[in-house]
Amino acid sequence: MKVIAFNGSPRKKWNTATLLEKALEGASSQGAETNLIHLYDLNYKGCISCFACKTKEGKSYGRCAVKDDLTPIFKKILDVRSLIFGSPIYLGTATGQMRSFMERMVFPFLPYTDPPGSIFPKKIKTGFIYTLGATEEMAKERGFDHHISLNEMILERIFGASETLCSYDTYQFEDYSKVFAPRFDPEKKAQRRQEIFPLDCEKAFEMGARLARKDEW
Ligand SMILES: Cc1cc2nc3c(=O)[nH]c(=O)nc-3n(C[C@H](O)[C@H](O)[C@H](O)COP(=O)(O)O)c2cc1C
């Protein structure tokens, strides 16, 4: 039983990656074979609108025809119990690397039917972990939650049940004294990192465990 996580942060050891590692530990605690893929290590672009995946009787119907570093990953996702996505919020949405990945992964399984459906061959569970510099209140005020719910809706439509975890007000810089960021109080940030982030890590672990269990939800 396999669970794959995708890190949409360029940083391999920071907030998003740490939470994904915890989620995979949770999945592993249920016996899953786990794999963490760093999207910034891969060479690919977003959807090029070739519509090979939508061409009637075409050899790529329902599959992405572009050949690059995502090609072997698209084969792997046919054989998983669940997928876990992780991304920082950049300018109100998931990172460009994660957006491009989602376009390529999701669009081939999304037929232009009315009502919209899915041609992904089975139901799997998915989870999405976001990290944000903003507090929960700021994120709502600025409408980031709309983007987050839209992604959840898309993942539910294509793959099945999906859950979301947000880690707010993250510790962003190695050394706050070296950056110009008067909006942040370094002490408050450090305190949150010490007190709240570990709780988010626990939530990520539980999420990973739930996603790996077969009959839960
Ligand atoms: C280019 C860039 C844009 C960002 N935009 C936002 C934003 O719109 N809203 C927000 O809450 N945080 C924003 N952040 C902060 C990150 O989302 C936050 O620090 C996140 O936890 C970083 O993830 P990482 O530690 O895994 O790299 C931005 C950071 C960068 C580098």
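Helices here are DSSP runs of H or I with at least four residues, strands are runs of E with at least two, and both are numbered from the N terminus. You're looking at a predicted model, so local features need pLDDT of at least 70, side-chain atom pairs count only at pLDDT 80 or more, and totals for chains, interfaces and linings use all residues. Residues are numbered from 1 along each chain as its sequence is written, and side-chain values use heavy atoms, with hydrogens and water left out.

**Stop one: helix α5**

Select residues 144-159. That's α5, with 16 residues. From first C-alpha to last, α5 reaches 23 Å, close to the 22 Å expected at 1.5 Å a residue (the expected span is 1.5 Å times one less than the number of residues).

Now colour Phe144, His147, Ile148, Asn151, Leu155, Ile158 and Phe159, which are buried (under 20% relative accessible area with a 1.4 Å probe, protein chains only; exposed is over 50%, partly exposed in between). They cover an arc of only 100° around the axis, which puts them on the same side of α5 (the arc is that of the directions from the helix axis to the C-beta atoms). An α-helix has 3.6 residues a turn, so residues three or four places apart point the same way.

What do the buried residues of α5 pack against? Show β3 (82-90), β4 (93-94), α3 (96-106), β5 (125-131), α4 (136-141) and β6 (162-167); contact means heavy atoms within 4.5 Å.

Step off the end of α5 to glycine 160, whose phi is positive, near 125°.

**Stop two: glycine 117**

Go to the loop between α3 and β5 and pick glycine 117. At a relative accessible area of 22%, glycine 117 is partly exposed. Leaving out residues up to four places away in sequence, glycine 117 touches Phe109, Leu110, Pro111, Arg157 and Ile158. Ile158 is one of the buried residues of α5.

**Stop three: histidine 38**

Next, select strand β2 (residues 33-38) and find histidine 38 in it. Is histidine 38 buried or exposed? Histidine 38 counts as buried, at 16% relative accessibility. Bring up Asn7 and Lys12, which histidine 38 touches, not counting residues up to four places away in sequence. The side chains of histidine 38 and asparagine 7 are joined by a polar contact of 3.1 Å (a pair of N or O atoms within 3.5 Å; within protein, one must be able to donate a hydrogen and the other to accept it, and residues adjacent in sequence count only if both atoms are side-chain atoms).
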